[in-house]
Amino acid sequence: MPQINPHPRVVAKLAPREGKRTRYTFTGIRGLQLDCIPNGSETGNRIWRVRYYLGTAERVDTLGTFNETDREGFISLAKATELAAERRRSAKIERADPRNKGTTFDSLFNRWLDAEVAAYGR
């Protein structure tokens, strides 16, 4: 994986190398990756991903796109850096997979209890 200086102008020009899928990492930003997939355009389809560890298991999560044409899903370098740090911090401190945010034993139990009360509490 090529390691790149995380400057907005540099990142804006990143594209697949030699027509092959290329994943870029960034100096000073742990876990953040820009996955550039060839699709016929000059820059290809670019997707932000974050790599983190949950215990000893490596996980990869998709943050969003870095394609200017995708106005709804577009995530800037600054926002991707922020989201990556948040996901890594969550995995390390809370020891919970950020992809399953909000799904804890307590939330599942409360959902089950509410369903039981609704079914038998009439």
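This is a predicted model: local features need pLDDT of at least 70, side-chain atom pairs count only at pLDDT 80 or more; totals for chains, interfaces and linings use all residues.
Visitor: Is Q33 buried or exposed, then?

Guide: Q33 is buried, with a relative accessible area of 2%. The residue belongs to strand β3; helices (H or I, at least four residues) and strands (E, at least two) are DSSP runs, numbered from the N terminus.

Visitor: Which residues does Q33 touch?

Guide: Setting aside residues up to four places away in sequence, Q33 touches M1, R23, Y24, T25, F26, I47, W48, R49 and R51. Contact here means heavy atoms within 4.5 Å.

Visitor: T25 is on that list. Where is T25 found?

Guide: T25 is found in strand β2, and at 18% relative accessibility it counts as buried. With the same exclusion of residues up to four places away, T25 touches M1, P2, Q3, I4, L32 and Q33.

Visitor: How many strands form the sheet, and in what order?

Guide: Five strands form an open sheet in the order β1-β2-β3-β4-β5, with mixed pairing. Two strands pair if DSSP finds at least two bridges between them.

Visitor: Which strands stand at the edges?

Guide: β1 (3–4) and β5 (57–65) do; each has a single partner strand, so one side of each is left without a neighbour in the sheet. β1 pairs with β2 in the parallel sense over two bridges, and I4 has F26 in β2 as its bridge partner.

Visitor: What follows β1 in the chain?

Guide: N5 lies in the loop between β1 and α1 (8–12). Beyond its neighbours within four places in sequence, N5 is in contact with V10, V11 and T27.

Visitor: Turning to the largest nonpolar core, which residues touch the most other members?

Guide: Of its 21 residues, these are V11, L14, F26, L32, L34, W48 and L63. The elements that give two or more residues to this core are β2 (22–26), β3 (29–37), β4 (45–54) and α2 (77–94), and α2 gives the most, with five. Such a core is a set of buried Ala, Val, Leu, Ile, Met, Phe, Trp, Tyr and Cys residues joined through side-chain atoms within 4.5 Å.

Visitor: What does V11 touch?

Guide: Not counting residues up to four places away in sequence, V11 touches N5, P6, F26, L34, R46, W48, F66 and L77.

Visitor: Which strands does α2 lie across?

Guide: α2 lies across β3, β4 and β5, running at about 20° to β4. Axes are lines fitted to C-alpha atoms, for helices over the stretch in contact, and angles run from 0 to 180 degrees between N-to-C directions.

Visitor: And the chain as a whole?

Guide: From the N terminus on, its elements run β-α-β-β-β-β-α-α. The radius of gyration is 19 Å, well over the 14 Å that the globule rule gives for 122 residues, so the chain is more spread out than a compact globule. That radius is taken over C-alpha atoms, and the rule is 2.2 Å times the number of residues to the power 0.38. The C-alpha trace spans about 65 × 30 × 25 Å along its principal axes, and 34% of the 122 residues count as buried.

Definitions and conventions:
Residues are numbered from 1 along each chain as its sequence is written. Side-chain values use heavy atoms; hydrogens and water are left out. Buried means under 20% relative accessible area, exposed over 50%, partly exposed in between (1.4 Å probe, protein chains only).
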